Amino acid sequence: MRRARVLGGLAALALGVAVIVLSRRLPYDSDYGPGPGFLPTWIGWVLSACAAVVTVQELRAPAAGELLAPRTALAVKVLVAIALTLLLVPALGFAAAFGLFSAVTMRITGRHAWVACACAAAAVTVGLHYVFGRWLSVPLPTGLLGW
């Protein structure tokens, strides 16, 4: 299992580096503020840094004899939620799909009450819509709601 975690960390590191390299094709800034390459560049750097830290920690940790980590099922649920979110973006729009994603992941990872999940989903949806759509004027995919 340790080998899988190290390989997973290296894969995340490779993904982060690929995001940084590919985001360099986009302008980092524009006349009015951050450009389309700003967010992917920083996401790539943060992902690379986190993956490097996790990989080094795993390499330094003593080897354990477990077959499956106790939270493997939780990781699979989150990966399914990510995949479903990406499939829902064309129908719901970016903001609504990621608002729903935040509610679902809050529920399955933290066992929060549905009311708290719904409030967080509403806040994420409205926040994404206004921050990116209005304040930064970044055209996000819209769905049936127009958001």
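**Helix pairing, a salt bridge and a nonpolar surface patch**

R5 and E58 form a salt bridge, with their closest N and O atoms 3.2 Å apart. The bridge joins distant parts of the chain. R5 belongs to helix α1 and E58 to helix α2, and 53 residues separate the two. The model is predicted. One salt bridge is present in the structure. Side chains of opposite charge can pair when their charged atoms come close.

E58 has a relative accessibility of 13%, so E58 counts as buried. The cut-off for buried is under 20% relative accessible area.

The axes of α1 and α2 (residues 38–60) come within 8 Å, at a crossing angle of roughly 160°. Helix α1 is therefore roughly antiparallel to α2, because angles over 145 degrees fall in that class. The crossing of α1 and α2 is left-handed.

A nonpolar patch lies on the surface. Its members are Y28, F38, L39, W42, I43 and W45. Together they present about 610 Å² of accessible area. Y28 sits in the loop between α1 (2–23) and β1 (29–30). With a relative accessible area of 34%, Y28 is partly exposed.

Methods: Residues numbered from 1 in each chain as written. Predicted model: local features only at pLDDT ≥ 70, side-chain atom pairs only at ≥ 80, totals over all residues. Heavy atoms only, no water. Patch = residues over 30% accessible without salt bridge, like charges linked within 9 Å, V, L, I, M, F, W, Y side chains within 5 Å. Areas by Shrake-Rupley, 256 points an atom, 1.4 Å probe, with all protein chains shown as cover. Salt bridge = Lys/Arg side-chain N within 4 Å of Asp/Glu carboxyl O. Helix = DSSP H or I, 4+ residues; strand = E, 2+ residues; numbered from the N terminus. Buried < 20%, exposed > 50% of the residue type's maximum accessible area, 1.4 Å probe, protein only. Axes fitted to C-alpha atoms, helices over the stretch in contact; angles between N-to-C directions. Parallel < 35°, antiparallel > 145°, perpendicular 65-115°, else oblique. Left-handed = near helix turned anticlockwise from the far one by under 90°.
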